[in-house]
Amino acid sequence: MSPRVLYVRLPCNPIFPIGVVYLADYIHKQLPSVEQRIFDLGTVPPLDFRRALAQVIDDFQPTHLVFSWRDIQIYAPVGGRGGNPLQNAFEVYYARNPLVKLRGAIGGLRVMSAYYGELWRNLNLIRLGLHHARRHHPEVTTIVGGGAVSVFYEQLGSQLPKGTIVAVGEGETLLHKVLTNQPIAAERCYIAGVEKPRDRLIHEWPTPIEKTACNYNYIETIWPEFEYYLQGGDFYIGVQTKRGCPHNCCYCVYTVVEGKQVRINPAEEVVAEMRQLYDRGVRNFWFTDAQFIPARKFIPDAIALLREILKAGMNDIHWAAYIRADNLTPELCHLMVQTGMNYFEIGITSGSQELVRKMRMGYNLRTVLQNCRDLKAAGFNALVSVNYSFNVIDERPDTIAQTIGYHRELERIFGADKVEPAIFFIGLQPHTHLEEYALERGILRPGYNPMSLMPWTAKKLLWNPEPMGSVFGELCLAAWRLNPNDFGRTVMALLEERFGRAPLEEALSAPLEERPLVHR
Ligand code: B12
Ligand code: SF4
């Protein structure tokens, strides 16, 4: 019998499910006779999850269940599920006032129960789906993948039904092999309950595939709820322009999930895909690349794409992406503004060149400033969010003062009201250099559970080590007390009050000698 593939995007904030859309598009192009259906639990009210899943399975009777799980980890600095997880955690760990500590503990419990609740709910939905599908096809194949599975594939295996294929990274070639009964041993996956994941599985390179424009005429025939994302008009619809990132930032796992080799999707194919969405009324796009301009040598590709967008006459769109602000040229800045980039995040992490180097982020803060000036000169006048993650490695009063000096210069360039400091703390992830660093220093023990949100583990995974940890803890608590609606700016003001502002030149120059992050 010809396979019938049901893609189930597990519950998630309604972010466009670009992962399953691309998988279904690829399989249709390779195996047009395969029947497919997309079912997105992101568009279903929570009380209906089980009923709706059972219903779609009964209707479609799949031979293959493809579950896509986007996110698990919830350390967001803003209101997340069940409250502001960062604030709750900090209230438990750093508050002196017992009442505040208690409030944090209660909030922490809420966050923890929401987190474990969602985890168990998703695992149960997978079990329910499998159980139901077996009624129609006892030999049904279950495959689980997506962003969250890529990060936590080692931990999830033991919780999934025996025989489930657990996939890391992009799933196109794996699915193709499964559907054509080819061996999958060479793919980035393992079978739950049958085998252990290979050592360093996540570091294996993905198989490059030629990406062509997604065929939305086909997608809408297999996804009745597609309209949901077109109706409001305010969703940023995902479009991928490339895969991979060549960098080595110490806390980042994207570079292993997608691999270091950058694979560019042809500009005309990307634009042909956008055009189909544009014709359906979409005006907001998110280029879902790990990095839109991963290195200087990819600047010509970004220029070619933006020119192609202009040529296609899509001149009333907005777009956003993760952008390394060190890889810009005046021409590119001009094109970015012209094509409607209306949201910009500068993920510099620190304003101290010394720390940027120690975190292996591989860029020059002086270049970033120059590029920001070019962007402003090109007419960029929207909000700039500057991401700071304090206290990753070797943070001390001097480096804080440097970050303040740097931040004030960004404000001078864009205008203080336009620069929004977004204060993050790193959520430590497996397979990163930071994890190795924590293990080497005994901060984490081998065998720790990176998915645990139990307070004793969570305190280490929400990266904010001593001796500076409690200083940041108390300062952040003060900022939430003083001005919760302008948290980032208040933190910066309090840090400046306490540690001062270093001259810009000091922030931009790093001492030459450098200790490696991890001793190998
Ligand atoms: C772009 C992006 C965003 C954008 C999304 C914009 C948009 N409108 O689409 C923004 C900035 C909004 C965002 C926000 C968040 N994100 Co985000 N994001 C990403 C990023 C960089 C790319 C995701 C993407 O769309 N890729 C392109 C598509 C085509 O790939 P894909 O969906 O992963 O699907 C492919 C594979 O996963 C696989 N696949 C997918 N499903 C399945 C199923 C099977 C069976 C198989 C075999 C394969 C498979 O094949 C697909 C095609 O190749 C990833 C990191 C990364 N490099 O992957 C993080 C990532 C997905 N985000 C993550 C998180 C946590 C978040 C937040 C929750 C962060 C926060 N704490 O606030 C928020 C909120 C998200 C929400 N649901 O509300 C995590 C999720 C894992 C986790 N830690 O739990 C990731 C993996 C980053 C990380 N390493 O931690 N994000
Ligand atoms: S540049 Fe961005 S995507 Fe690449 S390794 Fe660094 S943080 Fe990760």
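Analyst: A polar contact here is a pair of N or O atoms within 3.5 Å; within protein, one must be able to donate a hydrogen and the other to accept it, and residues adjacent in sequence count only if both atoms are side-chain atoms. The model is predicted, so local features need pLDDT of at least 70 and side-chain atom pairs pLDDT 80 or more, while totals for chains, interfaces and linings use all residues. Residues are numbered from 1 along each chain as its sequence is written, chains are lettered from A and ligands numbered from 1 in the order in which they are written, and side-chain values use heavy atoms, with hydrogens and water left out.

An oxygen atom of ligand 1 lies 3.0 Å from a polar backbone atom of glycine 171. A nitrogen atom of ligand 1 is 3.0 Å from a polar backbone atom of tyrosine 236.

The shell around ligand 1 holds 39 residues, each with a heavy atom within 4 Å of the ligand. Ser68, Ile72, Gln73, Glu258 and Gln429 are the closest. By class, 21 are nonpolar, 12 polar and six charged; Ala, Val, Leu, Ile, Met, Phe, Trp, Tyr, Cys and Pro count as nonpolar, Asp, Glu, Lys and Arg as charged, and the others, Gly among them, as polar.

Helix H1 (18–30) gives the most to this shell, four residues. Strands S3 (64–68) and S4 (141–145) and helices H5 (147–156) and H6 (172–179) each supply at least two. Helices (H or I, at least four residues) and strands (E, at least two) are DSSP runs, numbered from the N terminus.
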